[in-house]
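The sequence and the structure are shown below.

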Amino acid sequence: MHANSYMRVSQVSAGLVPDGRHFVSRARDEASSWRSVYKGPIPISALANRLGSYVQAYTLYSSVRPFGVTAIVGGWDSEAELTVDGQVGTGPASGSGGKISGAKVGGPGLYMIEPSGLYWGYYGAATGKGRQAAKAELEKLDLASEKLTLLDAVREAARIIYVAHEDSKDKEFELEMSWISSLDGPTKGKHEEVPKELLEEAEKAAKRALEGEDEDEEETKNDGNGGERMEE
């Protein structure tokens, strides 16, 4: 299940659909509560922390059951917004309550929240039935270097999703993708659906990549069979 928590945050979950919907509703409440208190958008890390604490509370009491979903929360902290701590006010130039010169503001955030309430930050994350295959492909990408462009990321994401579905080729699925960019990127810091033309292009590239891998595997098998015949 995929949903918008608010315009800068996207959320996807694997598991029980009603629990996923409730999780999205809670994320929206947390974002609204933060804005009413601090007069600004909630940072992705703070949202993940609040959601993790909320999920963890459901493991403490016998009157409620734990959440049946694993959720991935991703978004972009706008570089135009100054954070609450250490960035605003008329305090000293440094130290507690003062402004931090040269501090980096904004940037992407991606967190996976487990049913236990435990959450971790990731450069790339996967959950659901095909997560092991997807994780193996994600590990091949040098995501920490931040050299992957937004367009290349869309193509790689489509390819990885098709790889994860390769074990169930007979079952058709519909690929849905969304993205968030910086203020000077295509989405202007907002969470939006990937344009249809780009999505179709990414799907075609993913299918070609899988077909190429299948052909390579067949050639390798044929070469191996030929060697066995020669030995005989």
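Which residues of the largest nonpolar core touch the most other members?

## The largest nonpolar core

The model examined here is a predicted one. Its largest nonpolar core holds 19 residues, of which Phe 23, Ile 42, Leu 47, Leu 51, Phe 67, Val 73 and Ile 113 touch the most other members. Two or more residues are contributed by each of H1, H2, S3 and strand S4 (107-113). Helix H2 gives the most, with seven residues.

Beyond its neighbours within four places in sequence, Val 73 is in contact with Val 9, Ser 10, Gln 11, Leu 47, Leu 51, Gly 109, Leu 110, Tyr 111 and Ile 113. A further core of 13 residues lies apart from the largest one; among its members are Leu 175, Leu 198, Ala 206 and Leu 210.

## Overall architecture

The chain comprises five helices and seven strands. Their order along the sequence is β-β-α-α-β-β-β-α-α-β-β-α. Of the 232 residues in the chain, 33% are buried. Among contacts with a separation of 6 or more, 58% are between residues 24 or more positions apart.

## Aromatic pairs

A pair of aromatic rings is described by the distance of the centres and the angle of the planes. With ring centres required to lie within 6.5 Å, the count comes to seven aromatic pairs. One of them joins Phe 23 and Phe 67, whose centres are 5.9 Å apart and whose planes are at 70°. Since an angle over 60 degrees counts as edge-to-face, this pair is edge-to-face.

Phe 23 belongs to helix H1 (residues 17-38), whereas Phe 67 lies in the loop between helix H2 (44-57) and strand S3 (69-77); the pair therefore ties together parts that are 44 residues apart in sequence. Phe 23 is buried, at a relative accessible area of 2%, and Phe 67 is also buried, at 7%.

## Packing of H1 against H2

At what angle do H1 and H2 pack? The angle is about 125°, and the axes are 10 Å apart. H1 is therefore oblique to H2. The crossing of the two helices is right-handed.

On the H1 side, the contact is made by His 22, Phe 23, Arg 26, Ala 27, Glu 30, Ser 33, Trp 34 and Tyr 38. On the H2 side, Ala 46, Leu 47, Arg 50, Leu 51, Tyr 54 and Val 55 take part.

Residues up to four places away in sequence aside, Thr 70 touches Val 12, Ser 13, Ala 14, Met 112, Ile 113, Glu 114, Pro 115 and Thr 127.

## Loop residues with positive phi

Most residues other than glycine have a negative phi. Lys 39 has a positive phi, near 60°. This residue lies in the loop between H1 and H2, and Lys 39 counts as exposed at 67% relative accessibility.

Glu 146 likewise has a positive phi near 60°. Its position is in the loop between helix H3 (131-140) and helix H4 (150-164). Glu 146 is exposed, with a relative accessible area of 60%.

Definitions and conventions: Residues numbered from 1 in each chain as written. Predicted model: local features only at pLDDT ≥ 70, side-chain atom pairs only at ≥ 80, totals over all residues. Heavy atoms only, no water. Phe/Tyr/Trp six-rings, centres within 6.5 Å; stacked < 30°, edge-to-face > 60°. Helix = DSSP H or I, 4+ residues; strand = E, 2+ residues; numbered from the N terminus. Buried < 20%, exposed > 50% of the residue type's maximum accessible area, 1.4 Å probe, protein only. Core = buried A, V, L, I, M, F, W, Y, C linked by side-chain atoms within 4.5 Å. Contact = heavy atoms within 4.5 Å. Axes fitted to C-alpha atoms, helices over the stretch in contact; angles between N-to-C directions. Parallel < 35°, antiparallel > 145°, perpendicular 65-115°, else oblique. Left-handed = near helix turned anticlockwise from the far one by under 90°.
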